[in-house]
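Biologist: I'm new to this one. Could you walk me through it, one question at a time?

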Amino acid sequence: MVTESSEDKLVLRRIYTATPEALFQIWTTPEYMRRWFRPNQEFTHQFIEVDLRVGGQYRVAFESPEGVVDVLSGEFLEVTPPSKLVYSWTWEEPNEHAGIETQVTVEFQEQAGGTELTLTHERFTKPDMKERHLGGWSGALDLLNVSLTQDDID
């Protein structure tokens, strides 16, 4: 669900039946990220690397069903378990948006029976960036909900 949108910013809110601690772990642990952090189930990962600390880096390689590999990387700017993450987001070459740094903020707010997740992705500089990221994030957040049904998440 899109709750706010401008030319350079996208805000998505979802409610999940999991604790903020569980969602934070799912969001930041490569083993769990493999289950949901992709635009749809057709995509796979060649690798997911996470150094979860302020100043730490992450890199994720997405492989499309057609075999196209896109690599995403960034730096953690704020790490406040289990309530907030802020990180830079930059596609690497040869992605059409390579080198354009955007920023993602994820907030996990406890609610009765679950957690409200608010994702803000901002600083888009090209007209199609927001739309493309909306599609990717929407698919990923749907897969995140599916991954919560798996019973081995603490």
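This is a predicted model: local features need pLDDT of at least 70, side-chain atom pairs count only at pLDDT 80 or more; totals for chains, interfaces and linings use all residues.

Biologist: Okay, which residue in β7 is the bridge partner of Ser-88?

Modeller: Strand β6 covers residues 84-91, and β7 covers residues 102-111. The two run antiparallel, with six bridges joining them. In β7, Ser-88 has as its bridge partner Gln-103.

Biologist: And how many bridges join β7 to β8?

Modeller: β8 spans residues 114-122 and runs antiparallel to β7. One of the pairs links Gln-109 to its partner in β8, Glu-116. The number of bridges joining β7 to β8 is nine.

Biologist: Which residue in the turn between β7 and β8 has a positive phi?

Modeller: These two strands form a hairpin, and two residues sit between them. A phi of about 80° is found in that turn, at Gly-113.

Biologist: Let's switch to the largest pocket. Which element supplies the largest share of its lining?

Modeller: The space in the largest pocket comes to about 380 Å³, and 19 residues line it. β4 (57-63), β6 and α3 (129-147) each give at least two of the lining residues. The largest share is six residues, and it comes from α3.

Biologist: Which class has nine residues in that lining?

Modeller: Nearest the pocket's centre lie Pro-39, Trp-91, Arg-132, His-133 and Gly-136. Pro and Trp count as nonpolar, Arg as charged, and Gly as polar. Across the whole lining, six residues are polar and four are charged, while nine are nonpolar.

Key. Residues are numbered from 1 along each chain as its sequence is written. Side-chain values use heavy atoms; hydrogens and water are left out. Two strands pair if DSSP finds at least two bridges between them. Helices (H or I, at least four residues) and strands (E, at least two) are DSSP runs, numbered from the N terminus. On a 1 Å grid over the protein atoms alone, a cavity is a set of points where a 1.4 Å probe fits but cannot get out, and a pocket is an open set with protein on both sides within 12 Å along at least five of seven lines; lining residues have an atom within 4 Å of a point. Grid points are joined across faces, edges and corners, and a volume is the space filled by probe spheres set on the points.
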